[in-house]
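Hi,

Here is the structure I said I would pass on.

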Amino acid sequence: MANGDDMNCTLFDEQGKCTAVVAVKKSMASFSLVGCIFMMVVIWLFSKYKLFVQRLILYLTIAAFFSSIGHLLAAIKPEGPVCSFEAFWLTFSDWAVLLWVLIITVNLFLNAVRMVQTEGYELLYSAVAWLVSLFMACLPFIGNHYGPAGAWCWIQEGDDGWRFGIWYIPLFIFIAILFTFYLIIIYKVNHQDSTWLGPYNPDTDRQRQMLKEYIRPLKVYPLIYLLLSIFPLINRLQNAFSASGEPVFALVLLHAASSPLQGFVNAVVYGLDPETRSRLTWLQIKVSFIKKMNRTVINEYKVDAQDGSQRDGGQDGHVDEPAPEDNKDEQPTRKRSTEGESHC
């Protein structure tokens, strides 16, 4: 790293500490980037995106992928357009991750507590997540508040009001909301089976089991975000309320290590899911990949009881029409058989 760039790091007097922080941040972002790619490939390969809950996970993964790129680009840069873009991208992608985690939590609350079907909210969810993130990321351009911020580019040092207004105060509020909703969801899911509400109803029991299967893949992701937010929160609180105002190297290092890890931890949890793990065999991966590449359709036929026609029950709705030569051969045979029956 050039000496001119080293002097832009204002976190510590020892420039080696800044170099270590940036290296850790980039390393964790690389793991996260690979994890996000893994999740997106699995969701695409096995057509999991056809399910609403899996699409919510996919949207969170895309946001985490963008965030990983932003953290991977993080470096000590001089003030300028490149630094401003890096700061903008970090703000946009981190807001997108936060909002998709919040949306997944609200969706879980509506499903598990309010018993509301939410598939129709998908377009609203997407508009809120991406447009609000874009709006919040554009606000610091008013007054040119993006610039060097220690070991990477973000809102410039000294603009504490903008830092807390754009990110930390909303983050604290949303984490409190996440934690409250999460406790309510866990309580509801764990105790609904033990609550006796009258005679046994198999339909009600089946609906509860389906609801558990519906929310099971989603409920872990808000918890991951809460856990990964602990060290960044502690670090920023120390920065805000420390009498000396000097950052603690260990806290900054833990902040740099945990903040880019959303995509990696999500991928580990996603890969450990029993349904996903059962598909991650060489045979299933090979068959699914060939099927995707060649667009192979496995057709299942149903014979119509009236006219003997064959209809496809395959996934893509493709109908295989019989060859013209076969039709010509079959029609006279059927006619002769009918005439034979009429003479009897």
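The buried residues of α10 pack against α2, α6, α8 and α9. By buried I mean under 20% relative accessible area, with exposed being over 50% and partly exposed in between (1.4 Å probe, protein chains only). The buried residues in α10 are Leu251, Val252, His255, Ala256 and Ser258. Helices here (H or I, at least four residues) and strands (E, at least two) are DSSP runs, numbered from the N terminus.

Before you go further, note that this is a predicted model, in which local features need pLDDT of at least 70 and side-chain atom pairs count only at pLDDT 80 or more, while totals for chains, interfaces and linings use all residues. Residues are numbered from 1 along each chain as its sequence is written, and side-chain values use heavy atoms, with hydrogens and water left out.

Back to α10, which spans 249–258. Ser258 belongs to this helix, and it counts as buried because its relative accessibility is 8%. Its side chain reaches back to the backbone oxygen of Leu254 at 2.9 Å. That is a polar contact, meaning a pair of N or O atoms within 3.5 Å; within protein, one must be able to donate a hydrogen and the other to accept it, and residues adjacent in sequence count only if both atoms are side-chain atoms. Residues three or four places apart in an α-helix point the same way, because there are 3.6 residues a turn. Leaving aside neighbours within four places in sequence, Ser258 is in contact (heavy atoms within 4.5 Å) with Leu228, Phe231 and Pro232.

Which residue has its C-alpha atom 7.6 Å from that of Ser258, though 230 residues away along the chain? That is Met28, a residue of helix α2. Apart from neighbours within four places in sequence, Met28 is in contact with Ala257, Pro260 and Leu261.

Once neighbours within four places are set aside, Phe264 is in contact with Phe31 and Ser32. Phe264 is partly exposed, because its relative accessible area is 33%. Ile37 is also found in α2, and at 40% relative accessible area Ile37 counts as partly exposed. The C-alpha atoms of Ile37 and Phe65 are 7.6 Å apart, for a sequence separation of 28 residues.

Over in helix α6 sits Ile175, which is buried at a relative accessible area of 12%. Beyond its neighbours within four places in sequence, Ile175 is in contact with Leu226, Ser229 and Leu233. Ile175 and Val101 are 74 residues apart in sequence, and their C-alpha atoms are 9.9 Å apart.

Now for the cavity. On a 1 Å grid over the protein atoms alone, a cavity is a set of points where a 1.4 Å probe fits but cannot get out, and lining residues have an atom within 4 Å of a point. There is 1 cavity of 30 Å³ or more. The largest cavity has a volume of about 420 Å³; grid points are joined across faces, edges and corners, and the volume is the space filled by probe spheres set on the points. The lining has 25 residues, with His71, Asp94, Trp167, His255 and Ser259 lying nearest the centre. Helices that supply at least two lining residues each include α2 (15–45), α6 (160–191) and α10 (249–258). The most comes from α4, with 4 residues.

Ser47, in the loop between α2 and α3, has a positive phi near 55° without being a glycine. Met115, in the loop between α4 and α5 (122–138), also has a positive phi, about 55°, and is not a glycine either. At 48% relative accessible area, Met115 is partly exposed.

Finally, the chain as a whole. It has 14 helices and 4 strands, and buried residues make up 40% of its 344 residues. Residues 24 or more positions apart account for 72% of the contacts with a separation of 6 or more. The accessible surface (Shrake-Rupley method, 1.4 Å probe) comes to about 19400 Å², of which 64% belongs to carbon and sulfur atoms.

Cheers

Conventions. On a 1 Å grid over the protein atoms alone, a cavity is a set of points where a 1.4 Å probe fits but cannot get out, and a pocket is an open set with protein on both sides within 12 Å along at least five of seven lines; lining residues have an atom within 4 Å of a point.
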